[in-house]
Amino acid sequence: MDVGYTELGQVTVVGHVVSIQSQATNNLYWLDDGTGRIEARHWIDSSIEDSGTGSSAITEGSYIRVSGTLKMFGSKRYVNATHIRPVKSPHEIYFHLLEAMTVTLIWAKGAPPRAGQNPSTAMPKAQVTGGPPAVGGSAYAAQSHSIATNTSQYSHLPKLEYTIITFILNQPSNDEGVHVGSIARAVGGSAVTISNALEKLMDDGLVFTTIDDSHFKVAD
C-alpha cells in the first residue's frame, strides 16, 4: 500500500488500548497513539502457548506495541498484526515518538549529512555539477563531487529529467532501485509531471524498472 507516494511494508504502532474485542479466531484492538486511532487485528494461533507476556497480558487502558502490515477493507485501514505485546517501559513510548519524528523528517527533507560532510555547503547535485538547476532537493542532502562528475552525460536533458537521474545516481546502490515516492519527495512537482518524466527517461533507455513498476534504476 502507498501513502503519499510512500510504499509501506511493515508498520509499527505504539498506542493506548481503547477497547478490545475478543473472538474465537482473533482479537481486535482499537488503538490511539495520540495522532489518531486505528484498529489492529491479531489472529490467534492455538498451537502456540501464551506465556503471559503476549496478547493474554493486554488489557484496556494499557499501552502496547503492534507490528504488522497495513491493510484495507473497503475504505477502512487496519493493521494486520503479526506481533503484539505490552509496552515494557514508559521510555519505549517516548522512544517510539522520537523515532516517528525522525523518520518523518527524513522522508520530508532527506537523510542528514553523513560523517565528514559539511551541511553548510550542501546543495542539490545538479547545481554542484553545473547542470540544470535542481527541482526541489533535500534540505539535508550533502552531495558528492565524485558522483556528480559522472552526470555530465545527462546535462542535455530537461531540468526535471536531469534532476531525477542525478537523484537516483546519488542513492545507495541496490538491486531494488529507488521508489518513485522517494524521487517525488526529492525533486518536487506533481505526480503527473514526474510520471511523464520517468516515462520519457524509460523511452530513451536511460532508466528502467526493477522489482515492480514503482522502483527505478539508471541504465549503465
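Student: How many bridges join strand β3 to strand β6, and do these strands run parallel or antiparallel?

Tutor: Strands of a sheet pair through backbone hydrogen bonds, either parallel or antiparallel. Here β3 (residues 10–22) and β6 (residues 63–73) run antiparallel and are joined by 7 bridges. Two strands pair if DSSP finds at least two bridges between them. Helices (H or I, at least four residues) and strands (E, at least two) are DSSP runs, numbered from the N terminus. This is a predicted model, in which local features need pLDDT of at least 70 and side-chain atom pairs count only at pLDDT 80 or more, while totals for chains, interfaces and linings use all residues. Residues are numbered from 1 along each chain as its sequence is written, and side-chain values use heavy atoms, with hydrogens and water left out.

Student: Which residue is the bridge partner of His16 in β6?

Tutor: The partner of His16 is Tyr63.

Student: What closed arrangement do the strands form?

Tutor: A closed barrel of 5 strands, in the order β3-β4-β5-β7-β6, with mixed pairing. On average, neighbouring strands of this sheet are turned by 55° against each other, direction ignored. Axes are lines fitted to C-alpha atoms, for helices over the stretch in contact, and angles run from 0 to 180 degrees between N-to-C directions.

Student: Which strands does helix α1 lie across?

Tutor: Helix α1 (residues 90–109) lies across β3, β6 and β7 (76–86), and runs at about 130° to β3.

Student: Is Ile58 buried or exposed?

Tutor: Buried means under 20% relative accessible area, exposed over 50%, and partly exposed in between (1.4 Å probe, protein chains only). Ile58 has a relative accessible area of 7%, so this residue is buried. Ile58 lies in the loop between β5 (37–43) and β6. Not counting residues up to four places away in sequence, Ile58 touches Val17, Ile20, Tyr29, Ile64, Ile84, Arg85 and Pro86; contact means heavy atoms within 4.5 Å.

Student: At what angle do α4 and α6 pack?

Tutor: Two packed helices are described by the angle between their axes and the distance between the axes. Helix α4 (residues 159–169) and helix α6 (residues 191–203) pack at about 75°, with axes 10 Å apart. They are therefore roughly perpendicular (65 to 115 degrees; under 35 is roughly parallel, over 145 roughly antiparallel, the rest oblique). Among the residues making the contact are Leu160 and Ile164 of α4 and Ala197 and Leu201 of α6.
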